[in-house]
Amino acid sequence: MTLVLNLIGVLVFVGGLLFSIAWHELGHLSTAKLFGIRVPQYMVGFGRTIWSRRKGETEYGIKAIPMGGYIRMIGMFPPGEDGKVTARSTSPFRSMIEDARSAAYEELQPGDESRLFYTRKPWKRVIVMFAGPFMNLVLALAIFFGVWMTFGINRTTTQIASVSPCVIQQSENREVCKAGDPVAPAKQAGLRADDRIVAFGGRPVADWSELQKRIRDTIGATTVTVVRDGQRVVVPVNLIENRVARTDGHGGYVKGEYVTAGWLGFSPKNEIAALSFGESVDHMGEIVDGSIQGLVKLPAKIPALWNAAFDGGEREPDSPMGIVGAARMSGDIAALDLPSEQKFSILLNVLGMFNLSLFLFNMLPLLPLDGGHIAGALWESLRRSVARLFRREDPGPFDVAKLMPAAYVVAGVFVCFTLLVLVADVVNPIKIT
């Protein structure tokens with residue numbers, strides 16, 4: 001049964017992945033057709049074509065490797081300086097440029113002269129290239145808000161789950177009290193499991209993140225107001241200074257980092273609760289902020305990823321993960337001993353994070369990513385505007401093809417990184433608990 005559930009989880013992710021790719025390319029396709037650009041191909045996947053059908057001027061199909069997709073637009077790059085698209089050169093870098101230019105025109109037909117991508121105004125090209133990642137963002141928002149506002153999220157509350165019997169520094173990584181350990185302030189004050197803290201120091205607290213911060217900012221005597229058996233009880237407490245884990249600013253902890261702060265000595269309860277629209281917006285901001293930070297820190301995680309892949313090192317929970325790892329994780333989630341609706345919501349969240357990552361990654365201003373083409377169109381618009389301002393000759397379209405050598409380098413780096421993540425996902429995958 002576990003194997004069947006695992007397989008179902010993998011299939012759900014693969015189905016969601018294919019839909020996400022098709023949805024992304026649909027954004028490019030629809031806006032390209034809107035602006036009159038001819039699109040000969042719309043493909044989901046890479047490699048050998050396993051199914052295709054032509055409708056009008058466009059061939060729609062599915063390829064064997066579900067690692068991405070593409071649409072082919074006529075005239076992605078302007079002609080060379082000689083006005084031709086088939087000029088050749090013995091220079092390897094020049095050949096890259098000319099190969100890219102030739103590919104952009106290889107299906108040119110009579111009448112296509114007015115339907116080339118590069119002939120469209122820069123703002124139209126920006127829309128066409130942005131539409132793909134934007135579709136992933138829309139899908140991510142739909143998934144996240146749908147899950148958060150219906151099923152809810154697992155969040156930390158201000159209700160006490162357990163009270164620490166003694167003072168233990170979190171950096172000691174132990175749970176058993178030793179002889180001579182002082183009594184924890186919460187236990188000494190008489191706080192109990194299931195008490196819900198509603199005020200700290202006489203001021204109401206809205207959530208765990210706020211309560212955690214106020215506890216850590218306080219050393220000495222104060223009061224905690226709790227709801228116990230339906231009654232509000234004011235409990236005097238005397239907080240002490242202790243060595244505790246550093247927080248991430250959102251109620252969570254940063255692994256392996258510790259600070260000295262105020263300490264009361266209890267563990268909060270977690271619960272699954274639906275969010276309001278406003279709370280969902282705030283939570284989405286936290287998710288986006290964390291995702292951007294993760295993208296910025298990605299290069300710094302490569303050594304640990306290499307160690308996990310080839311030297312048997314520990315795989316960090318926030319380690320980069322590829323499609324294989326995500327599919328494997330989805331299978332593990334489906335096999336967990338949890339209610340079906342909870343497993344389904346987790347799988348949807350995985351798919352939502354995948355789409356958010358696709359949006360952020362594709363917006364990097366690097367070729368061959370969509371963000372690179374957007375940057376090229378914006379640069380063209382800027383230099384044409386400057387030329388008009390100073391009454392200079394129109395510099396013409398910006399030749400993005402000249403950046404293809406750099407694009408091949410970027411693509412090579414991406415391929416190497418993808419292979420590294422693939423190895424790590426196979427030999428040392430991230431575990432689900």
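Select C416 to start: at 51% relative accessibility this cysteine counts as exposed.

The model is predicted, so local features need pLDDT of at least 70 and side-chain atom pairs count only at pLDDT 80 or more, while totals for chains, interfaces and linings use all residues. Residues are numbered from 1 along each chain as its sequence is written, and side-chain values use heavy atoms, with hydrogens and water left out.

**The disulfide**

Next select C166 and C177, which are joined by a disulfide with an S to S distance of 1.9 Å. A disulfide is a pair of cysteine sulfur atoms within 2.5 Å, and a search of the whole structure finds one. Both C166 and C177 sit in the loop between strand 3 (153-163) and helix 4 (185-189), 11 residues apart. Helices (H or I, at least four residues) and strands (E, at least two) are DSSP runs, numbered from the N terminus. Because the torsion about the S-S bond is about -100°, the disulfide is left-handed. C166 is buried at 5% relative accessibility, whereas C177 is partly exposed at 31%.

Stay in that loop and pick E175, which is exposed at 77% relative accessibility.

**Salt bridges**

The whole structure holds 11 salt bridges, each a side-chain nitrogen of Lys or Arg within 4 Å of a carboxyl oxygen of Asp or Glu.

Select R155 and E279, whose side chains form a salt bridge at 3.9 Å, N to O. R155 is in strand 3 and E279 in helix 6 (residues 277-296), so the pair ties together parts that are 124 residues apart in sequence. R155 is partly exposed at 29% relative accessibility, and E279 is partly exposed at 34%.

Move to D195 and R228, with a salt bridge at 2.7 Å, N to O. D195 belongs to the loop between helix 4 and strand 4 (196-200) and R228 to strand 6 (residues 220-228), so parts 33 residues apart in sequence are tied together. D195 is buried, with a relative accessible area of 2%, and R228 is buried at 15%.

D425 and R315 come next, in a salt bridge at 2.9 Å, N to O. Since D425 lies in helix 11 (residues 404-427) and R315 in the loop between helix 7 (302-310) and helix 8 (323-334), the pair ties together parts that are 110 residues apart in sequence. D425 and R315 are buried. Then select R125, E380, R384 and D394, which salt bridges with shared partners join into one network.

**The cavity**

Helix 3 (122-150) and helix 10 (370-389) each supply at least two lining residues, and helix 10 gives the most, with three.

Conventions: Buried < 20%, exposed > 50% of the residue type's maximum accessible area, 1.4 Å probe, protein only.
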